[in-house]
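Here is a note for a colleague who is opening this structure for the first time. The points below go through residue classes, model confidence, pockets and helix packing.

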Amino acid sequence: MGLTHGFMWYFAEFVGSFIFLLGGYAYMCNISLKKTLVSALNYVELVIAWSLAVGFGLAIGVIMGGPAALNPGVVLGQMIYCGLGVGDGLMLLLMEFLAAGAAVLICMIFFWDSFKASPEAPKRGIFSAYPVEKNMPLNFVQEVLATFLFLFLVFMGIAFTGDALVIGAVGFCAVALLALTLNSTGFSMNAMRSVFSSIWFAILPIPNKNKEKVDWTYQIVVNFVGSSIGGILAVIATTYIKSIL
């Protein structure tokens, strides 16, 4: 249960996760709220924004010497299959949870006036992912597959390079490719991006949040369990492939 790494190893996970989430959430605020310079969804912009956010988050996490997991499913997979200690794993999950809170808080502060000017705009989708058509069994399978494919691409790129810029580029390309899952999964593939932020969405005093409720059943079943299974399977598959190459 003990911790085996220094402070910076865990802090790097916080910083990488924070950059990843802040970039994505800021874009979502821009397209969802009034009194912003974007104000409308552009699919290409959406893909680029999230791809840059993930790429920079991965690169900074690696540069700072951290594991750059940035995903609870990855942490759980490393705990189950790669020998990551329970204490280390729990600390990484805590860093991801705090990073989600910090990202939501910063967006709330920077877009305070926009939130106040947008009483009718839906806000829970800024910080968490939902599908266009809700079909829980199908959405669950889609989330598992999308998460597995995304992380498999990232891990196979990381397996053969330790260069932070290359890893960031791999993250960028993987997100851009998996943007095809947007309609089916809501573009989550990460419990930190949806479930952790949903907790903070429910806690923080976001203006005009009104009575918007988090769909906890969907968040837990699809965005936590589904993405975690996909992450665990990706860790196992890529670790095995790397061991035999």
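1. Residue classes. Ala, Val, Leu, Ile, Met, Phe, Trp, Tyr, Cys and Pro count as nonpolar, while Asp, Glu, Lys and Arg count as charged. The others, Gly among them, are taken as polar. With these classes, the lining of the second largest pocket splits into 13 nonpolar, five polar and one charged residues.

2. Confidence. This is a predicted model. The chain has a mean pLDDT of 90, and 98% of its residues reach 70 or more.

3. Two or more lining residues come from each of α1, α2, α6 (124–127) and α9 (182–185). Of the elements, α1 gives the most, with three residues.

4. The largest pocket. Its volume is about 660 Å³. The lining has 34 residues, and those nearest the centre are Ala68, Val74, Val154, Phe155 and Ile158. By class, the lining holds 25 nonpolar, seven polar and two charged residues.

5. Where that lining comes from. Which helix gives the most to the lining of the largest pocket? The answer is α7, with six residues. At least two residues each are supplied by α1 (7–32), α2 (43–63), α3 (72–81), α7 (136–159), α8 (164–178) and α11 (216–244).

6. Packing of α7 and α11. The crossing in which α7 passes α11 is right-handed. Their contact contains 19 nonpolar, nine polar and two charged residues.

7. Packing of α1 and α4. Here the axes lie 8 Å apart and the angle is about 35°. Again α1 passes α4 in a right-handed crossing. The classes in this contact are 20 nonpolar, one polar and three charged residues.

8. Packing of α4 and α10. At what angle do helix α4 (residues 86–110) and helix α10 (residues 191–203) cross? The value is roughly 65°, and the axes come within 9 Å. The crossing of α4 past α10 is right-handed. On the α4 side the contact is made by Leu93, Glu96, Phe97, Ala100, Gly101 and Val104, and on the α10 side by Met192, Phe196, Ser197, Ile199 and Trp200. By class these are eight nonpolar, two polar and one charged residues.

Conventions: Residues are numbered from 1 along each chain as its sequence is written. This is a predicted model: local features need pLDDT of at least 70, side-chain atom pairs count only at pLDDT 80 or more; totals for chains, interfaces and linings use all residues. Side-chain values use heavy atoms; hydrogens and water are left out. Axes are lines fitted to C-alpha atoms, for helices over the stretch in contact, and angles run from 0 to 180 degrees between N-to-C directions. Helices (H or I, at least four residues) and strands (E, at least two) are DSSP runs, numbered from the N terminus. A crossing is left-handed if the near helix is turned anticlockwise from the far one by less than a right angle, and right-handed if clockwise. Contact means heavy atoms within 4.5 Å. On a 1 Å grid over the protein atoms alone, a cavity is a set of points where a 1.4 Å probe fits but cannot get out, and a pocket is an open set with protein on both sides within 12 Å along at least five of seven lines; lining residues have an atom within 4 Å of a point. Grid points are joined across faces, edges and corners, and a volume is the space filled by probe spheres set on the points. pLDDT is the predictor's confidence in each residue, from 0 to 100.
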